[in-house]
Amino acid sequence: MVRYLLLLCLAFPAGIGLRAQPEPASWQAKVAATLPLLGHRNWILIVDSAYPLQVAPGVETIETGSSQVQVLRNVLAQLDRAPHVSPNVLMDAELPFVTDQAAPGVTAYRSDIQVILRGRPVQSLPHEQILKTIEEAGQGFHVLVLKTTMTIPYTSVFLQLDCKYWGADAERQLRQSMAAGHP
């Protein structure tokens with residue numbers, strides 16, 4: 001028995017397995033590292049703190065510990081610099097109907113979001129419809145969920161990624177040429 005313990009001590013010196021784990025990468029670094037891997041049909045969600053933890057295989061959730069405005073600005077800036085993808089912005093149709101009496105700060109948030117998203121088309125859909133779309137997307141495509149410290153309901157921003165260098169017009173023309181049978 002003593003010989004066995006001595007062998008264990010020699011094989012596994014003190015501290016092995018007891019070292020502190022390295023600090024996890026920041027959410028900004030995670031977005032920067034993941035973005036080159038993402039393409040059309042992938043999603044990046046910037047969500048409030050009560051957004052549910054989804055279990056679809058392609059959904060990855062990161063707690064940012066940062067404000068929603070800060071995370072959204074960072075993600076949009078990274079997407080603007082990306083050569084391969086651009087975001088289609090979706091937001092909850094319920095947001096315009098949330099009052100400051102029910103959720104203090106919502107009016108200021110709506111003003112901030114208008115400034116941040118200026119010039120970008122925004123599609124509004126009911127929250128449950130967006131969640132269902134995300135759940136389905138997570139079955140076959142990667143969905144990166146960035147949870148923020150936001151505590152106002154229906155404030156999540158859903159970014160469906162699309163190909164930046166091949167737009168809807170180019171795709172339509174390609175399909176028309178294919179249907180006509182000539183290049």
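Author: Start with Glu171 and Arg175. These two form a salt bridge, and their closest N and O atoms are 2.7 Å apart. The model is predicted. Both residues belong to helix α6. Four residues separate them, about one turn of the helix. How covered are the two partners? Glu171 has a relative accessibility of 27%, so Glu171 counts as partly exposed. Arg175 is partly exposed as well, at 47%.

Asp169 pairs with Arg172, with 2.2 Å between the closest N and O atoms. Helix α6 covers residues 168-180. Asp169 and Arg172 are three residues apart in α6, so about one helical turn separates them. Asp169 is partly exposed, with a relative accessibility of 49%. Arg172 is also partly exposed, with 45%.

Now turn to helix α5, residues 127-137. Here Lys132 forms a salt bridge with Glu136. The closest N and O atoms are 3.9 Å apart. The cut-off for a salt bridge is 4 Å, so this pair counts. The two residues are four places apart in α5, and about one helical turn lies between them. Lys132 is exposed, because its relative accessible area of 52% is over the 50% mark. How many salt bridges does the whole structure hold? The search finds five. The pairs described above are among them.

Stay with helix α5, but look at His127. This residue is found in α5. Is His127 buried or exposed? His127 counts as buried, at 13% relative accessibility. Leaving aside residues up to four places away in sequence, His127 touches Asp92, Glu94, Tyr154 and Phe158.

A count of aromatic pairs gives one. The partners are Tyr51 and Phe158, with ring centres 6.4 Å apart. Their planes stand at 55 degrees, so the pair is tilted. This pair links distant parts of the chain. Tyr51 lies in the loop between β1 and β2, Phe158 in strand β6, and 107 residues separate them. Tyr51 has a relative accessibility of 3%, so Tyr51 counts as buried. Phe158 is buried too, with a relative accessible area of 0%.

Next comes the sheet. Strands of a sheet pair through backbone hydrogen bonds, in a parallel or antiparallel sense.

Strand β1 spans residues 43-47, and five of its five residues are buried. Which side chains of β1 point which way? Trp43, Leu45 and Val47 point one way. Ile44 and Ile46 point the other way. On one flank, β1 runs parallel to β5 (residues 143-147), and five bridges join the two. There, Ile44 stands opposite Leu144. β1 also pairs with β6 (residues 157-163). That pairing is antiparallel, over four bridges. Ile46 stands opposite Val157 in β6.

Move on to β3, residues 85-92. β3 and β4 run parallel, and four bridges join them. Leu90 has Gln123 in β4 as its bridge partner.

Finally, step back to the whole protein. There are six helices and six strands. From the N terminus on, the elements run α-α-β-β-α-β-α-β-α-β-β-α. The protein has 183 residues, and buried ones make up 37%. Now take the contacts between residues at least 6 apart in sequence. Of these, 91% join residues at least 24 apart. The Tyr51 and Phe158 pair, 107 residues apart, likewise links distant parts of the chain. The protein exposes about 11,300 Å². Carbon and sulfur atoms supply 60% of that area.

Technical notes. Residues are numbered from 1 along each chain as its sequence is written. This is a predicted model: local features need pLDDT of at least 70, side-chain atom pairs count only at pLDDT 80 or more; totals for chains, interfaces and linings use all residues. Side-chain values use heavy atoms; hydrogens and water are left out. Two strands pair if DSSP finds at least two bridges between them. Buried means under 20% relative accessible area, exposed over 50%, partly exposed in between (1.4 Å probe, protein chains only). Contact means heavy atoms within 4.5 Å. Accessible areas come from the Shrake-Rupley method with a 1.4 Å probe; for residues, only the protein chains shown count as cover. Rings of Phe, Tyr and Trp (its six-membered ring) pair if their centres lie within 6.5 Å; planes under 30 degrees apart count as stacked, over 60 as edge-to-face and the rest as tilted. A salt bridge is a side-chain nitrogen of Lys or Arg within 4 Å of a carboxyl oxygen of Asp or Glu.
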